[in-house]
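Student: Hello! I am new to this one and would like to walk through it with you, starting from the whole and moving on to the parts. Could you put it up for us?

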Amino acid sequence: MSDRLILPSYADIRAASDRLFGKACRTPVVTSRTVNRRTGAEVFFKCENWQRTGSFKFRGAYNALSQLSAAERDRGVITYSSGNHAQAIALSGTLLNIPTTIVMPQNAPKVKQIATQEYGAQVIFYDPKTTDRKILAQELANERNITIIPPYDDPRIIAGQGTVAKESIEEVGNLDALLVCCGGGGLLSGCAIAAKALSPDCRVIGVEPALGDDATRSFYTKTLQYVNNPDTIADGARTPCLGDYTFPLVLQWVDEMVVVSEDEIKRSLRFLWERLKLVVEPTGALATAALLEGKVKAAGDRIGVIISGGNLDLQQLPALMNN
């Protein structure tokens, strides 16, 4: 990591909130008496599954693209993503009249592949077993003279994602804990910054799948750890590692990291579908799983839970129902 990196602050999140006004949805916060009884806590679910493109990713993507120069906009942008960031960049590019190219793994959920193309992006597929997506994106960016917008390791992306926690706390007040899923750490970093600014005593807890626990290991060892294409149903958390920006931010602002198993994710998905009537994808249920499976202290506390996305591939349902 370079010492010259300027990490985003809460002022950047406030500025992102202004840019997103009227563009991003101010998603609802829902509650459940069943969840409150089960956990002994007062729980607030922030429903980013109802955000534009079906996930929180629209916030960071639009915030980043809206700050490009006129020349950068004309040339276009490229990113690499398994789906949610891809869709967010594609739609943001359409809204801002910026050409977009997406490097996407062949095994990305079909629902995300189709939506990304329908939002107007050019999609270039690759085999994740043989190709490094960052290297491929950089090669294409150099060839085409276009700008790379990373899926999480960018201060503009992080600031945009931090508006999720900003909105949540503004609506429900101080929290004792905020549970946030973690892939590359953009959402977790941004939300941790916002939570500590607005509710200083709030414990910020990141949640990963046990099969992709690189951020958790990084957090507790204080040394960047990696994972190679983890075989988790939480496809949004298959990132190899935290980034140059997100790693120090997680170390600075996050209080705890926990992991959940594949079966725990499936049980929480089913609960959200059946009891809260929410369409949630596996990654979007990570924070809920940590709460419902007792991975964090909850009794007597006011708990915020971020449901990060709802881009569920219905073809996966039979496998997701088996646990």
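Student: What share of the accessible surface of the protein chain belongs to carbon and sulfur atoms?
Tutor: Before the value, a word on where it comes from: this is a predicted model, in which local features need pLDDT of at least 70 and side-chain atom pairs count only at pLDDT 80 or more, while totals for chains, interfaces and linings use all residues. Residues are numbered from 1 along each chain as its sequence is written, and side-chain values use heavy atoms, with hydrogens and water left out. Accessible areas come from the Shrake-Rupley method with a 1.4 Å probe, and for residues only the protein chains shown count as cover. The surface of the protein chain comes to about 13,000 Å², and the share that belongs to carbon and sulfur atoms is 49%.

Student: How many helices and strands are there in the protein chain?
Tutor: Both are DSSP runs, numbered from the N terminus: helices are H or I with at least four residues, and strands are E with at least two. By that count the protein chain has 14 helices and ten strands.

Student: Why can the protein chain be called as compact as a globular protein of its length?
Tutor: We compare its radius of gyration, taken over C-alpha atoms, with the globule rule, which is 2.2 Å times the number of residues to the power 0.38. For 323 residues the rule gives 20 Å, and the chain is close to that, so it is as compact as such a globular protein, with a radius of gyration of 18 Å.

Student: What percentage of the residues in the protein chain are buried?
Tutor: Buried means under 20% relative accessible area, exposed means over 50%, and partly exposed is in between (1.4 Å probe, protein chains only). Of the 323 residues in the protein chain, the buried ones make up 60%.

Student: In what order do the strands of the six-strand open sheet stand?
Tutor: Two strands pair if DSSP finds at least two bridges between them. Here the pairing is mixed, and the order is β1-β2-β10-β7-β8-β9. The strands that pair on one side only, at the edges, are β1 (29-30) and β9 (256-260).

Student: Which residue in β10 is the bridge partner of Lys 46?
Tutor: Lys 46 lies in strand β2 (residues 42-47), and β2 runs parallel to β10, joined to it by six bridges. Across that pairing, the partner of Lys 46 is Ile 306.

Student: Is Lys 46 buried or exposed?
Tutor: Contact means heavy atoms within 4.5 Å. Leaving aside neighbours within four places in sequence, Lys 46 is in contact with several residues, among them Arg 26, Arg 59, Glu 167 and Ile 307. With a relative accessible area of 2%, Lys 46 is buried.

Student: Why is strand β10 described as largely enclosed by the rest of the structure?
Tutor: Strand β10 covers residues 302-307, and it is largely enclosed because the buried ones among its six residues number five.

Student: Which residues of β7 lie buried on each side?
Tutor: In a regular strand the side chains alternate between the two faces of the sheet. Strand β7 (residues 177-181) has five of its five residues buried. On one side are Ala 177, Leu 179 and Cys 181, and on the other are Leu 178 and Val 180.

Student: Which residue in β8 is the bridge partner of Val 180?
Tutor: β7 pairs with β10 over three bridges in the parallel sense, and there Leu 178 has Gly 304 as its partner. Five bridges join β7 to strand β8 (residues 203-209), also running parallel. In β8, the partner of Val 180 is Gly 206.

Student: How far apart are the C-alpha atoms of Ala 210 and Asp 235?
Tutor: Ala 210 lies in the loop between β8 and α10 (214-221) and is partly exposed, with a relative accessible area of 36%. Leaving aside neighbours within four places in sequence, Ala 210 is in contact with Val 259, Val 260 and Ser 261. Asp 235 is 25 residues away along the chain, and the C-alpha separation is 13 Å.

Student: Which residue of β4 stands opposite Ile 78?
Tutor: This takes us to the open sheet of four strands, ordered β5-β4-β3-β6 with parallel pairing. In it, four bridges join β3 (residues 77-80) to β4 (residues 100-105). Opposite Ile 78 stands Thr 101.

Student: What do the buried residues of α6 pack against?
Tutor: In helix α6 (residues 110-118), the buried residues are Lys 112, Gln 113, Ala 115 and Thr 116. They pack against α5 (84-96), β4 and β5.
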